[in-house]
Amino acid sequence: MAQTNSIHWFRKGLRLHDNPALLEAVRGADTLRCVYFLDPWFAGSSNLGINSWRFLLQCLEDLDASLRKLNSRLFIIRRQPANIFPRFFKEWNISRLTFECDSEPFGKERDAAIRKLASEAGLEVFVRISHTLYDLDKIIELNGGHPPLTYKRFQTLVSSMHPPDPPVEPLTQANMETCITPITKEGQKDKYSVPLLEELGFDTEGLGPAVWPGGETEALARIERQLGPDVSTAWQVNFEHPLLNSSPLLPSPLGLSPYLRFGCLSCHLFYRKLAELYNKVKHGSPPISLYDKLLWREFFYTAATNNPRFDKMEGNPICIRIPWDKNPEALAKWAEAKTGFPWIDAIMTQLRQEGWIHHLARHAVACFLTRGDLWISWEEGMKVFEELLLDADWSVNAGSWMCHSYSSFFQQFFHCYCPVGAGRRIDPNGDYIRRYLPVLRDFPAKYIYDPWNAPEEVQHSAHCVVGQDYPKPMVNHTEASWLNIERMRQIYQQLSRYRGLSLLAAVPSGPFEDLNVNGCRAVVLPVTSKKQRGTNGHHGHRQTKEQAGPSGLKLRPGPNGHTSSIEHGGMTNKEACHFESIQEFVVPQHPGTS
Amino acid sequence: MKRGRISIKSKCQTFSSHEERAKRRKSGASGFTSIPGHPGRSLEDWGNLPHHVVLQIFQHLSLVDRARASSVCRRWNDVFHIPDLWRRFEFELNQPATSYLRSTHPDLIQQIIKKHAQHLQYVSFKVDSCTESAEAACDILSQLVNCTIKTLGLISTARPSFMDVSQSHFASALTVVFVNSKSLSSIKINDTPVDDPSLKVLVANNSDTLKLLKMSSCPHVSPAGILCVADQCHGLRELALNYHLLSDELLLALSSEKHVHLEHLRIDVVSENPGQTHFHSIKRSSWEALVRHSPKVNIVMYFFLYEEEFEPFFREETPVTHLYFGRAVSKEMLGRIGLNCPRLVELVVCANGLEPLDEELIRIAERCKSLTAIGLGECEVTCSGFVEFVKMCGGRLTQLSIMEEVLIPDSSYNMEQIHSEVSKHLGRMWFPDMMPTW
């Protein structure tokens, strides 16, 4: 019988535990080679910042070390996969290629090309889903062919599905059986070794120790700690409101999100451990909300999988077009922690230094950049997070930014975090600020969130004069949030065609689930009766020539053949004619003739 | 109009469907109904569809599609210019450096000013945060001389850039419209440097027709300026302004016998620096006069104040219907709302201190019998208190938007139970609002 020689291609899923595709690689195989492609030319110019690269290299080191314990190793290939795979297939006489399924649009395209190459070379290809809990296509199918647009709907869908598969056994000497990796020189550095940061062109001078060490070993240690003797801390980290001090804001030795992103930790394993934790603390079968952290991730993966423009506003069928400001100077102040709001600047400093911030901190800075204060596009914020945030999955990062800028997923928009009050509520003493902004260390708690309000003598005795040692606030939050809520109200009222006075009723909810996202079918969304009551009752005087029949947002195919859903001018002329109202100015957007 | 005046370059592929149909028609395979027994004799033809039918179709098309269609044949081209299709227009003025959105093409703007200005009735300008955009809007306004505009909206989509235009430039542009269009009925000029003299011109020319005036954040208008509008424009039904323009005299003027019933009054109460703004109070009798004259009036108040500035508000009965608190509001203030706002319909509280608001909410449920919508952001309510509130209000709460972290679990309810308990009292499925954990 001919030899079976496998390649397992690592991308995400940098682990030996719960790696079904890797098990496929060794099943009955004679040889196994694990490869990871890293293009050194790409490294310097990529969007990832130094912390993310360090984390990745540590993951690869760890993976290599674990494989070496099994008398194997990791081959780092400093080239592009499409260029080099055909040579390896031939040189190593490969008959089987395995890899973990990548659900993201870019990854799907890349993988389809490689699959084609492999099939043409006569290889068998095994792809296994393990980066997500569910088969995302099944969720979409269950929802009538389009991804759910609200988290509640998503929860309902997955509750009706089989629970996620339990993790599979890790790769061990035992299940490798006689499968070996032909290694020439043992333990020495060669052209396939994991590179150093310096080799990738990064300047490591002054780089502090990693607050988040990368790698599967670390990830498994963390998850064991979650279930260790201090169950209550784990419970608190996972499920409870932050207490009134700075500790939840600081990097926790229990934090797992970066490990999930690179796949050093299997989400299936985490899912099972959460259930065990629940059982230990609460007993009984856990509610679906137990898995919120994992399910939000899954929700965004589902929303993004068929949408290559998920990270853009233009041409993205689920994203509302909001007339954001372009303002590079203001963006730079935000990204470089120079806003003059200690709460915002401390968060951005932590992000840049360590690569992780608490989710409440993310809410705060995302709100500040977009809908709250600066009115700058979420795309800009997303790019900064992509560079700095260790756990910034493409789908989750873009999805969260859309969500927090109220650009999609239909959140209520009435509320905006105060860059002074919100932090003070979490950490009244300001310890977090003192830690990341030492320049403010000596400010009394009373003024540490708004140092510009401190009397001069307080500033002097704190050795920090606002305007000299620390910037003045870059915006007047009250004024900005007041303007912005009004802009948002205008946009949402046009969208929902709700004409009443209630701010809360302007956000379309439930019925939007019927929205056909990817198709071209026009959908009329019903509006609940109370909204119509608002329309008719309060505006009886209006000179409407005719009332729109089933008033609702009508979707038209957009420029890309997608339903251009919610462009805030997507109305047709006729629809606009229903609004010959003296009250508002809903006018069809003239699409320009350039 | 010459073809291609509106650029129709490289749009040929979009014509293909028309062209194909045209070919089919020529080859006898018409898509139109043939008269029975007379095969091949078409009753109708795309080219000689009745005018009103083409018009009807055009009304469903965007401007770009109409422009494309207008180059199909002469008749369609004629329809393209029918005044009915040019009643409303939204000028979008953005600069590439400050906005992601495109602008209305300058050629189109010119064409509208030349050919369709007299047809315009509903005009709005959307400008980005760049001063040039706002100035360009003023330049267009200055050219709208032969118009009968009914509604005019000046909308800043990002920063209030009209405020950066020189006051004289802005005033003269606006005056052109006020003077030339003598039947203006609604004007939305929030965040602009409109001033008292401009309003006088408005009143002098449009007092019989004006029904709506939105002018929040117009710092150059004085209480006397707005009073002049209220005194003369008896048809005014909707008014939006900042609190510093609100006076007892204004409310009384709006309640005079000659005046129609007021329908909406929106008041923005904003302070920029803590403690530096002192807010006057409005007499109870003035509010009462307004509600007596206009019993159904909606009074909407947006508050962006520091806690200590709330002192003058809601000390006495106030007929407010919609209340929005954009900044932290004190417990005490919310307590007064329960006591003194019997007409309250909607209440939104974005932030509050750390003490639970149970008592205040329950009092509001008890006293504000019209309350149908409530939104709570950064504040705290115990689960039991919240359930009690919902139970008292019941199904009349049509909008109930509570951030998940607002609800503090207690011995009676945890987060799971509260969802089912609240749903039960509302008679529909309800969940707290949640943001992704990220």
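Two residues are in contact when they have heavy atoms within 4.5 Å of each other. Keep that in mind as we walk through this predicted model, where local features need pLDDT of at least 70, side-chain atom pairs count only at pLDDT 80 or more, and totals for chains, interfaces and linings use all residues. Residues are numbered from 1 along each chain as its sequence is written, chains are lettered from A in the order in which they are written, and side-chain values use heavy atoms, leaving out hydrogens and water.

**Stop 1: chain B as a whole**

Select chain B. Of its contacts with a separation of 6 or more, 71% are between residues 24 or more positions apart. Chain B has 438 residues, and 58% of them are buried (under 20% relative accessible area; over 50% is exposed and partly exposed lies in between, with a 1.4 Å probe and protein chains only). You can find 15 helices and 14 strands in chain B; these are DSSP runs numbered from the N terminus, helices being H or I with at least four residues and strands E with at least two.

Now colour by pLDDT, the predictor's confidence in each residue from 0 to 100. Chain B averages 87, with 89% of the residues scoring at least 70. Select residues 1-35 of chain B: pLDDT stays under 50 there. Where pLDDT is low, the predicted coordinates should not be read in detail. The model as a whole scores ipTM 0.84 and pTM 0.85.

**Stop 2: the sheet**

Next, show the strands of chain B. Twelve strands form an open sheet in the order 1-2-3-4-5-6-7-8-9-10-11-13, with parallel pairing; two strands pair if DSSP finds at least two bridges between them. Its edges are strand 1 (88-93) and strand 13 (399-402) of chain B, each pairing on one side only.

Zoom in on residues 322-328 and 346-351 of chain B. These are strand 9 and strand 10, which run parallel and are joined by five bridges. Look for B:Ala328, which stands opposite B:Ala351 of strand 10.

Strand 11 (residues 373-378) pairs with strand 13 in the parallel sense over four bridges, and B:Leu376 has B:Ile402 as its bridge partner. Which way do the side chains of strand 13 point? B:Gln399 and B:Ser401 point one way, B:Leu400 and B:Ile402 the other way, and all are buried. In a regular strand the side chains alternate between the two faces of the sheet.

**Stop 3: a nonpolar core**

A nonpolar core is a set of buried Ala, Val, Leu, Ile, Met, Phe, Trp, Tyr and Cys residues joined through side-chain atoms within 4.5 Å. The largest has 289 residues, and among the members that touch the most others are A:Trp334, A:Trp343, B:Phe125 and B:Phe325. Select A:Trp334 and look around: beyond four places in sequence, the residues it touches include A:Met348, A:Phe368, A:Phe385 and A:Trp401. A second, separate core of 19 residues includes A:Trp9 and A:Tyr192.

**Stop 4: two single residues**

Select B:Asp248, found in helix 10 (residues 248-254) of chain B. Is B:Asp248 buried or exposed? B:Asp248 counts as buried because its relative accessible area is 15%.

Finish at A:Cys418, in the loop between helix 18 (394-404) and helix 19 (421-426) of chain A. A:Cys418 is buried too, at 15% relative accessibility. Leaving aside neighbours within four places in sequence, A:Cys418 is in contact with A:Gly423, A:His477 and, in chain B, B:Glu378.
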